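Subject: Structure handover

Hello,

Here is the structure you will be taking over. My notes follow below it.

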Amino acid sequence: MKHPKPHLFPLLSFYQKPLFSNPIFLMARTQIRTIPSDPPQNDNSNDDDALLCSNPQQNQEEQSPSQGDDTPSSIGSPGRYLSGESRVERAWAHWAKLGRPKLIVAPMVDNSELPFRMLCRKFGAEAAYTPMLHSRIFTENEKYRNEEFTTCKEDRPLFVQFCANDPDVLLEAARRVEPYCDYVDINLGCPQRIARRGYYGAFLMDNLPLVKSLVEKLALNLNVPVSCKIRVFPNLQDTIKYAKMLEDAGCSLLAVHGRTRDEKDGKKFRADWNAIKAVKNALRIPVLANGNIRHMEDVQNCLEETGADGVLSAESVLENPALFAGFQTADWVGDNEKDNIAGKLDQAELLVEYLKLCERYPVPWRMIRSHVHKMLGDWFRIQPRVREDLNSQSRLTFEFLYNLVDQLRELGVRIPLYQKDASAARSSAEDVAS
Ligand SMILES: Cc1cc2nc3c(=O)[nH]c(=O)nc-3n(C[C@H](O)[C@H](O)[C@H](O)COP(=O)(O)O)c2cc1C
């Protein structure tokens with residue numbers, strides 16, 4: 001069985017129309033709905049019903065700066081003309097309006113896609129990032145846009161992340177998504193070779209004037225706030241200077257991954273929460289901490305130690321999408337086993353839930369395959385033949401994957417997730433069942 005296609009697939013080319021006047025297609029269960037992606041300014045013609053996500057007009061009204069002395073009433077761009085003080089106030093007002101989300105799914109290429117975000121939201125995540133999108137390809141390639149950026153109205157608060165090294169291209173990409181998200185985020189932390197070759201991510205730490213121009217461009221021209229995700233420099237003072245520069249350039253929220261560009265292996269290098277704390281103390285905008293969030297105790301400790309306004313989790317949430325609901329894998333139960341209760345929920349159940357979401361919100365099979373490996377990794381270690389069977393399938397189907405879960409269960413494999421509090425574990429599991 002091939003990947004189910006939505007019933008309607010109007011293949012209109014973005015290029016048949018002038019820039020920014022083309023619809024964005026967002027995939028949903030039975031249809032793809034066309035959504036106007038024009039910049040929201042002064043457009044009263046938007047049909048609310050046609051919007052799967054937010055109403056750009058409403059966004060504009062809610063997110064525009066208060067009409068103070070320094071704010072021309074006709075300007076929709078929030079950053080423009082605002083003093084530093086007003087920008088900080090606006091950054092906090094926006095954060096408060098979103099409900100000050102603390103538990104956040106980090107951006108992950110091929111892994112923080114819509115169905116996975118929705119799964120995590122169901123299990124306690126209060127906000128989520130899209131995978132990094134390549135701003136130039138996003139502006140040029142319709143197929144890339146349709147496959148790599150999908151969302152739905154429940155998928156909020158949402159950070160849409162881009163990598164970029166050209167402010168104009170970044171703005172063009174950002175304008176296409178701004179009506180459907182709460183922040184446009186700039187990836188300044190990717191340390192991979194591909195980022196070195198493409199000159200983006202953490203390699204822009206060598207060119208801070210360019211980084212400044214990227215942030216300023218968005219801050220001055222977008223209707224949604226700009227956020228950035230950075231890695232730390234080896235030297236704390238450099239990190240603080242960098243973070244302050246971003247704030248001054250118009251960044252409204254900063255996520256700090258407490259590892260340097262060279263500390264690529266998250267398992268080998270602990271994130272430096274002290275550096276995150278120093279950034280939090282030096283900045284006035286909301287700051288998020290990233291690194292070493294493996295379970296809810298880490299969340300608590302990290303928030304206390306860094307003073308950050310929220311945390312991001314990546315690797316651990318992939319393995320255990322119910323992390324933010326208080327579930328943890330057996331790896332972290334360790335010495336405190338007696339305090340932890342094996343809940344009714346397990347990763348196979350989470351995978352089934354995820355697959356159902358994929359049927360509803362189609363995504364490329366490579367993403368689904370990746371999640372199967374991440375969620376069932378420990379299960380496959382007990383029954384490696386099942387993994388081999390999966391790997392031998394060049395084409396996947398939902399039927400095959402549901403059967404794979406059944407097969408593991410029939411073979412007697414079950415690794416529960418644990419929770420501290422028995423009654424909470426029971427009620428969360430019952431929620432899933434219902
Ligand atoms: C599979 C995977 C893909 C990732 N892709 C991105 C990305 O697209 N953008 C980004 O800023 N960071 C990306 N990261 C880094 C994470 O967002 C996060 O900063 C890093 O993994 C540290 O968090 P952790 O200790 O919770 O894993 C990725 C990480 C993983 C594991």
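First, a term: two residues are in contact if their C-beta atoms, placed from the backbone, lie within 7 Å. Helices (H or I, at least four residues) and strands (E, at least two) are DSSP runs, numbered from the N terminus.

This is a predicted model, where local features need pLDDT of at least 70, side-chain atom pairs count only at pLDDT 80 or more, and totals for chains, interfaces and linings use all residues. Residues are numbered from 1 along each chain as its sequence is written.

Overall picture. The protein has 17 helices and 13 strands. Buried residues make up 48% of its 434 residues. Buried here means 20 or more other C-beta atoms within 10 Å of the residue's own; exposed means 12 or fewer. Of the contacts with a separation of 6 or more, 68% join residues 24 or more positions apart.

Helix α11. This helix covers residues 296–306, and its buried residues are Val299, Cys302 and Thr306. Seen down the axis of α11, they fall within an arc of 70°, so they line one face of the helix. The arc is that of the directions from the helix axis to the C-beta atoms. These buried residues pack against β3 (103–105), α10 (273–282), β10 (287–290) and β11 (310–313). Gln300 and Glu304 are exposed, on the face turned away from the buried side. Just after α11, Gly307 takes a positive phi of about 75°.

Helices α13 and α14. Helix α13 spans residues 347–360 and α14 spans 365–382; they pack at about 170°, with axes 9 Å apart. Axes are lines fitted to C-alpha atoms over the stretch in contact, and angles run from 0 to 180 degrees between N-to-C directions. That makes the pair roughly antiparallel, a label for angles over 145 degrees. From α13, the residues in contact include Leu350, Leu351 and Tyr354; from α14, they include Ile368, Val372 and Trp379.

Val226. This residue sits in strand β8 (residues 226–231). Val226 counts as buried because it has 28 C-beta neighbours inside 10 Å. Ser252 is 26 residues away in sequence, yet the two C-alpha atoms are 5.6 Å apart. Val226 touches Ser252, and among its other contacts are Tyr183, Ile186 and Leu218.

The ligand. Which residues come nearest to it? Of the 22 around it, they are Ala106, Met108, Met132, Ala314 and Glu315. A residue counts as near if its C-beta atom, placed from the backbone, lies within 6 Å of the molecule.

Best wishes

Notes. Parallel < 35°, antiparallel > 145°, perpendicular 65-115°, else oblique. Lists of a residue's contacts leave out its neighbours within four places in sequence.
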